[in-house]
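Subject: Structure handover

Dear colleague,

Here is the structure you asked about. My notes on it follow below.

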Amino acid sequence: METDGDAVLARPNPLMLVRMGAVALARRAADLALPPQCLACDRPVGAHGSLCASCWSRLKLIEKPWCARLGTPFTYDLGEGALSAEAIADPPPFDRCRAVAVFDDVARKLVHGLKYRDRLELAAWMAGWMARAGADVVATADVVVPVPLHRRRLWWRRANQSALLAGTIAKAAAKPFQAASLARIRATEQQVGLTPDQRDRNVRGAFRVPAAEKIKVAGRRVLLVDDVYTTGATVKAATRALIRAGAAAVDVLVFARVVRGGI
Ligand SMILES: [Zn+2]
């Protein structure tokens, strides 16, 4: 069944993108006039767009060796292409997932700064780190697609943090940025506070590739970008929608992810 009404409305409004850019520029100009502050805790630092020594030391970067599929860190190097027990027991629909840092403490402050405090200047910094951590999935991508917000939430928050990150990553890598290729056709409850099973049910069938976008997704290797990976329910549902529309494969790139047991 093709009902495109929602999908059309869910597409980013070019004027809004211009407005977001203008806000970011104005803010950047204002920020540059002020003494530089830590991106996470606002403490004074030596240069704009950086973290203080304390936040930097607490940011838990995810580094190799990692599970080739889920990108979760291994304690020991099991060799190139090694998979975690979780990836073998419950294979995700996407091929590979990469993340910059563990979602706790400092990473949470950065993600929330971008998502809830409208700190749009964080997007450039976070996207730079994502491009580095996900160099392999960025290099092989044909197109870059953000996880969309439902239009009601987009209106409320004004900016889709995932689209800001995805757009910056795509531009730096000279890859097509397809913000309209995935639409959220159903408003979902906030995932916060739900169990993994409830999260799965909450987002099932929530995404769709609009009919007009299928040609730009079919046969392509899609890089799906989101800010956080918690249980993976959201990116898995989004991946399934892209694969149903004929995507050749989907890789996932996020800024932070939950790592069970920590690192
Ligand atoms: Zn700090």
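Which residues of strand β2 (residues 143-146) point one way, and which the other way? Val143 and Val145 point to one side, Val144 and Pro146 to the other, and all are buried. Buried here means under 20% relative accessible area, exposed means over 50%, and partly exposed lies in between (1.4 Å probe, protein chains only). In a regular strand the side chains alternate between the two faces of the sheet.

Before the rest, some notes on the source. This is a predicted model, in which local features need pLDDT of at least 70 and side-chain atom pairs count only at pLDDT 80 or more, while totals for chains, interfaces and linings use all residues. Residues are numbered from 1 along each chain as its sequence is written, and side-chain values use heavy atoms, with hydrogens and water left out.

Overall

The protein has 12 helices and 6 strands. Helices (H or I, at least four residues) and strands (E, at least two) are DSSP runs, numbered from the N terminus. Of the 263 residues, 48% are buried. Among contacts (heavy atoms within 4.5 Å) between residues at least 6 apart in sequence, 72% join residues at least 24 apart.

Strands

β2 pairs with β5 in the parallel sense over 4 bridges; two strands pair if DSSP finds at least two bridges between them. Valine 144 stands opposite leucine 223 in β5. β1 and β6 are also parallel, with 6 bridges, and alanine 99 has valine 254 in β6 as its bridge partner. Since 7 of the 7 residues of β1 are buried, this strand is largely enclosed by the rest of the structure.

Nonpolar cores

A nonpolar core is a set of buried Ala, Val, Leu, Ile, Met, Phe, Trp, Tyr and Cys residues joined through side-chain atoms within 4.5 Å. The largest one has 40 residues, and Leu51, Leu110, Trp125, Met126 and Phe255 have the most contacts inside it. Elements giving two or more residues to this core include β1 (96-102), α5 (105-115), α6 (122-133) and β6 (249-257). The most come from α6, with 8 residues. Leaving aside neighbours within four places in sequence, leucine 110 touches Leu39, Ala40, Leu51, Leu122, Trp125, Met126 and Phe255. A second, separate core of 35 residues includes Ile62, Tyr229, Ala245 and Ala247.

Zinc site

What are the protein donors of the zinc ion? They are the SG atoms of Cys38, Cys41, Cys52 and Cys55, lying 2.3 Å from the ion. Donors are N, O and S atoms within 2.8 Å of the metal (3.2 Å for Na, K and Ca); water is not among the atoms, so sites may look incomplete. The spacing of the donors along the chain is C-x2-C-x10-C-x2-C. Cysteine 38 is in the loop between α2 (14-33) and α3 (53-58) and cysteine 55 is in helix α3, so the pair ties together parts 17 residues apart in sequence.

The 4 donor atoms subtend angles of 104 to 116°, which makes the arrangement tetrahedral (four donors with all angles between 85 and 135 degrees). Cysteine 38 is buried at 0% relative accessible area, as is cysteine 55 at 0%. Cysteine 52 is buried at 6%, whereas cysteine 41 is partly exposed at 24%.

A search of the whole structure found 0 disulfides (pairs of cysteine sulfur atoms within 2.5 Å).

Regards

Conventions
Four donors count as tetrahedral if all angles lie between 85 and 135 degrees; four count as square planar and six as octahedral if opposite donors are over 155 degrees apart and all others between 65 and 115; anything else is irregular.
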